[in-house]
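Q: Hi! I'm new to reading structures, could you walk me through this one?
A: Happy to, let's open it up together.

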Amino acid sequence: MLLSLVVHTYSLRYWFPAVVMLGTAPVYVLSWGACRVLTAVLPSRLYRRMDDHLYNIYQSLVLFFFENYTGVEIVIYGDVPKKKENVVYLSNHQCTADWIIADMLAIRQKALGHVRYVLKDGLKWLPLYGWYFSQHGGVYVKRSAKFDEKAMKKKLSSQTVLGTPMYLVIFPEGTRYNPELKKMISDSQAFATKEGLAALDHVLTPRMKASHIAIETMRDHLDAVYDITVVYEATLGKSSDRQPAPTMPEFLCKESPRVHIHFERVDMKEIPPESVFFRGWLHKRFEIKDQMLTTFYESEDPDKKGKFPGEGQRSHLSIMKTLPSLLFLGGLTLPMLMTESGRKLYVRTWVYGTLLGWLWVNVSP
C-alpha cells in the first residue's frame, strides 16, 4: 500500500503538469486562430507580433512547470546579453528537455516569443504542435540525402524579408547523445576520423548543413551566434561514468535539481561564410564543448569537476513571469470544459486542428 502511494505520488509530479500543458493547447490554438482572422487584412508584421506574443504566453506557462514548479537551480557561466538579439542558438543535444533550456535563456532576454526551431521532419506529425511550430517560423528538415536545402533557404529568407525577430534553435549533432549507446558514439567517432576531424567523447560529431544554411541565409539579419553547452547535474554519477540525461517526464519529476549552462556569444564576423571553413569552425566549437564536458565529468581536481570554466551565477526566474500565463490559459480552458458546447468545441479543435495541421505542414515549405 505504501509503495503504491509513493508510485502514485511520483507519477502525479509528471501527469499534473502534462495535463495542464496539453489541456490548454486547444484554447491556445483557438486564440491564435482568432488573432489570425483579425489580422488577415493587416500587414504581416503585425500578425507576427501578435503570434510572438501568444507564443510567449504559452511558453511562459511551460516554464512555470519546468522551472518554478520543479524548483530546478539554473547556473549560468558567461554573460547573457540583457537586450534582445537576432541569433542562431547552437547547443549540444542529449535529451528532450534541451528544448526547454533554450526557453529558459530566451525568457531572461525577454525574447521567449521569438524562439523558433530547426526540427526533425517526423515531429511535424505531432497533434496541434507540429503545424503550429512550422507556422511560427520553425523549419522541418530531413537527414542526409533527403535534406531539402531550397525549402529551408526559402523559409528563412521569407522571415528575413519580414524582419522577423529570430532566436533560431539548432542542435547540430542531429540526434541525442546517450552515453549508454556505445555503438552510436563509436560510429560518430569513426565518421569524424574518416573526415579528418578530431574524434569526440562527450558530444557527437556535428553536422554542418542546417547550421550553415541558417547562418548564411540570415547573416545580414543576425547579430550573433549563441554557443551553448548544457549539463544536467543528475548525469554526474558517483564514478566518472556519465549517466543519461533526464527525459521531460523525469525533469518534471524533479530528478535534475541543477542545470549548468555555459554561454558564449560569437560575433558574426568570427564565423567563416565558406562551407569548407565553416565545417572546421563548427567542429572546433564542439571540440571545445567536448573538452569542457570531459573536465566536468572526469577531472580528478575537485575544484574543476562538476563545473564549467569561470564563475557560475545562479539565475532565478521570478514566478511573476510565468504564473500569469498559467492563470490566463487555465482561466480560458476551465469554463470551456464546464459546458457541453464548450467540450464539443474543445474536442473538435483537437481533431480538426490536428487533421488540418497535418495537411498544412505537407503543402507548405
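Q: How many helices and strands does the chain have?
A: The chain has 12 helices and 8 strands. Keep in mind that this is a predicted model.

Q: And how compact is the chain?
A: As compact as a globular protein of that length, because its radius of gyration is 21 Å, close to the 21 Å that the globule rule gives for 365 residues. The C-alpha atoms fill a box of roughly 60 × 60 × 40 Å along the principal axes.

Q: What share of the residues is buried?
A: Buried residues make up 49% of the 365 in the chain.

Q: New topic: at what angle do helix 3 and helix 4 pack?
A: Helix 3, residues 44-69, packs against helix 4, residues 98-107, at about 110°, and their axes are 10 Å apart. That angle makes helix 3 roughly perpendicular to helix 4.

Q: Which residues make the contact?
A: Helix 3 brings Gln59, Ser60, Val62, Leu63, Phe66 and Glu67, while helix 4 brings Ile100, Asp103, Met104 and Ile107. By class, that contact has 6 nonpolar, 2 polar and 2 charged residues.

Q: Last one: which residues does the "transmembrane region" annotation cover?
A: In the unreviewed UniProt entry, that annotation covers residues 14-39. In the model, this stretch is 92% helix and 0% strand, with its end C-alpha atoms 37 Å apart.

Technical notes: Residues numbered from 1 in each chain as written. Predicted model: local features only at pLDDT ≥ 70, side-chain atom pairs only at ≥ 80, totals over all residues. Heavy atoms only, no water. UniProt positions renumbered as here; feature names shortened; annotations may be inferred. Helix = DSSP H or I, 4+ residues; strand = E, 2+ residues; numbered from the N terminus. Axes fitted to C-alpha atoms, helices over the stretch in contact; angles between N-to-C directions. Parallel < 35°, antiparallel > 145°, perpendicular 65-115°, else oblique. Contact = heavy atoms within 4.5 Å. Nonpolar A, V, L, I, M, F, W, Y, C, P; charged D, E, K, R; others polar. Rg over C-alpha atoms; globule rule 2.2 N^0.38 Å. Buried < 20%, exposed > 50% of the residue type's maximum accessible area, 1.4 Å probe, protein only.
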